[in-house]
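Reader: Can we go through the salt bridges in this one? Start with the side chains.

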Amino acid sequence: MGAQNQGILSFNWKWRKTTVISTPITSLYVRCSSTVSPRPLRYAVLGAGFAGLSVAWNLLRHGSKDSHLSVDIYDEAGVGGGASGIAGGLLHPYSPKVHRFAVKLLWHGAECWEESLSLLNIAEQALLNLVNQGKGEIVEDGDSVIVRRRGILRPAVNIKSMNIMSENAQNYLANCRLELIHEDAAQKLVPNLSLPLGVAFYMPEALNVDSQRYLTGLYLACENLANGVSTLGDMNKELNFYQKSIPSLLELSGDYDAVIICFGARAAFLPELSGKLPLRACRGIIAKLQLPDDMREEYPQHSPSILSDAWLAVHGARHMDLGSTWDWESRNYSRGVTADEASEAVKLLLPKACSVYPAIKKWDVTGTVGGLRGMPPVTANGSLPLLGCIDKYIDRSRSCKYWLFTGLGARGLLYHGWLGKLLVRAVLSCNEDLLPLELTSWKHKMHQ
């Protein structure tokens, strides 16, 4: 197979210990004070998921060094309290779809992949710094605080998809390879794996990320920038976190140089944006699985996670997540799942998982969790997030005041880093033209 020569990234994931945060971050109100400037630049970021924390990080990282810069994050659910915090965490730059785009490199996949790895490394280091400060608890040996497991295996499930995947897989990234492997090799990677066609596609560099812990680490990295702890930071920045709801954007109209809405599916619930966004809400349920104590057939330590009609995100030898359902009728963004909803989800997901990993029948379902994703329209380049300046939807008298970053859908972990950097560049320059047209064309289509 060929490869795009993107260069191998140098991020070091071989940490010796893993840590946990000693104080829950979702319940904090944080104010990181620094020197006072007569004309501070103030930015509001609505949402503390993938999009919001990427934007906050990039504002603090790339904002003015000559003026006092303040970033206020608003999220009533706390850091990672929405759909981002429960995301399955399977990170790779290829389409997981079963149609003609299967394992095809996603739109700007190389840039998104590299930026995601960079932010993972930044968040990882922020968490590890807690150990050096004596504020983190060492709980177990492991390679990484954030990365649960490396490698993802994608079985081919029918002849048509196998041929499409084989063709698409020719164009892979050098730092995230795609390997076509046969049954013997696949069985060595995952014992008891079932391959309908005897072949699978293996991504050895793909990652299974603990999304909640990653978001916690990225927020801590933002704190470090604001406090001047990082070598990139200075004492001219300020970070505030407000765990409160924002019922109307106009409540913030007079306070900020720019307001960036990163609420995901909840963006469409804001009164100023209701009915104006080509965004569909989709509720997904994830099942938590555990191998019973009396069962010895543990999932091998170095075996990859599995991506098929359902996915298996492996946490360890005896724990994994199974996802996800797609409920296009729901507007419920609560993490809580009713008994009926849980039963239906498990009934739908287990047969899909059993078709590729029959041993899952021996595992117990210990719980379920739900989240509401904001799904953008499908374009010629796939399902791309919605970005851009939205003053005309809210307050026409303003110029570059209100910005939108939503519609990450099921690709949030891949897209958030690079797109957050692009959006911040546009916000700081008050120039939407700095964004790729593919991300802002939704606005033109809405007025055709």
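This is a predicted model: local features need pLDDT of at least 70, side-chain atom pairs count only at pLDDT 80 or more; totals for chains, interfaces and linings use all residues.

Reader: Lys362 first: buried or exposed, or in between?
Author: Lys362 is partly exposed at 37% relative accessible area. Buried means under 20%, exposed over 50%, and partly exposed in between, with a 1.4 Å probe and protein chains only.

Reader: Which residue does Lys362 form a salt bridge with?
Author: Glu297, with the closest N and O atoms 2.9 Å apart. A salt bridge here is a side-chain nitrogen of Lys or Arg within 4 Å of a carboxyl oxygen of Asp or Glu.

Reader: And how exposed is Glu297?
Author: Glu297 is partly exposed, at 41%.

Reader: How many salt bridges are there in the structure?
Author: The structure holds 13.

Reader: OK, Lys288. What is its partner?
Author: Lys288 forms a salt bridge with Asp321, the closest N and O atoms being 3.2 Å apart. Lys288 is partly exposed at 31%, whereas Asp321 is buried at 3%.

Reader: What about Arg266 and Glu76?
Author: Their side chains meet in a salt bridge at 3.4 Å, N to O. Arg266 is buried, with a relative accessible area of 15%, and Glu76 is partly exposed at 38%.

Note on methods:
Residues are numbered from 1 along each chain as its sequence is written. Side-chain values use heavy atoms; hydrogens and water are left out.
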